[in-house]
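Have a look around, then read on.

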Amino acid sequence: MENLIHEITVPVRWGDVDRFGHINNLTYIEYAQEARIAFSNERFGGATGLPVFVRRVEADYSRPILPDTSEVTVRTEVAEIGNTSFTTRQSILDRQGRVCCTVTSVLVVVDTATATPRAITQREMGILASAK
């Protein structure tokens, strides 16, 4: 199956910059979340995409995003797929295309009526596998 890594650009907002002149560490997680939502909405359709709860988020900061970057690029790929959950790996790049942070998230697919984990369907599995 063809690897279809999802990619979006996210503008750097005034409030994203800390007093030291670089992007606040928490903001990297926000950029990753924006990209995961866009990935889900585009791949699964609708305004809600695939309903998930975030179980775990891990950020590996490689270098700061400096003030000369007005927008970041976030690349999202699926690293692992389980029965009820999947793991995304996202690279956040500065204006020069350098990876500044890698965010890994474990997402649990949920039944929206009961707010409990549910099995990933075959259709969903296929969509997730195409981003792996």
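How many salt bridges does the structure hold? There are 8 of them, a salt bridge being a side-chain nitrogen of Lys or Arg within 4 Å of a carboxyl oxygen of Asp or Glu. Keep in mind that this is a predicted model, where local features need pLDDT of at least 70, side-chain atom pairs count only at pLDDT 80 or more, and totals for chains, interfaces and linings use all residues. Residues are numbered from 1 along each chain as its sequence is written, and side-chain values use heavy atoms, with hydrogens and water left out.

**Salt bridges**

- Arg75 pairs up with Glu7, and their closest N and O atoms sit 2.7 Å apart.
- Arg75 belongs to strand S3 (residues 71-81) and Glu7 to strand S1 (residues 6-11), so this pair ties together parts that are 68 residues apart in sequence.
- Helices (H or I, at least four residues) and strands (E, at least two) are DSSP runs, numbered from the N terminus.
- Arg75 is partly exposed at 37% relative accessibility, and Glu7 is partly exposed too, at 46%.
- For those labels, buried means under 20% relative accessible area, exposed over 50%, and partly exposed in between (1.4 Å probe, protein chains only).
- Glu58 forms a salt bridge with Arg56, with 3.1 Å between the closest N and O atoms; Glu58 is partly exposed, at 42%.
- Asp94 and Arg98 make another salt bridge, closest N and O atoms 2.8 Å apart.
- Asp94 is buried, with a relative accessible area of 5%, whereas Arg98 is partly exposed at 31%.

**Thr27**

- Thr27 has its place in helix H1 and counts as buried, at 5% relative accessibility.
- Not counting residues up to four places away in sequence, Thr27 touches Arg13 and Asp16, where contact means heavy atoms within 4.5 Å.

**The largest pocket**

- About 220 Å³ of space lies in the largest pocket; that volume is the space filled by probe spheres set on grid points, which are joined across faces, edges and corners.
- A pocket, on a 1 Å grid over the protein atoms alone, is an open set of points where a 1.4 Å probe fits, with protein on both sides within 12 Å along at least five of seven lines; lining residues have an atom within 4 Å of a point.
- The lining has 16 residues, and Arg36, Ile37, Ser40, Leu50 and Val52 lie nearest the pocket's centre.
- H1 (25-44), S2 (52-61) and S4 (85-93) each supply at least two lining residues, with the largest share, 7 residues, coming from H1.

**Nonpolar cores**

- The largest nonpolar core has 16 residues, and Tyr28, Tyr31, Ile65, Val72, Val74 and Ile92 have the most contacts inside it.
- S1, H1, S3 and strand S5 (99-111) are the elements that give two or more residues to this core, and H1 gives the most, with 5 residues.
- A nonpolar core is a set of buried Ala, Val, Leu, Ile, Met, Phe, Trp, Tyr and Cys residues joined through side-chain atoms within 4.5 Å.
- Leaving aside neighbours within four places in sequence, the residues in contact with Ile92 include Ala32, Thr73, Arg98 and Val103.
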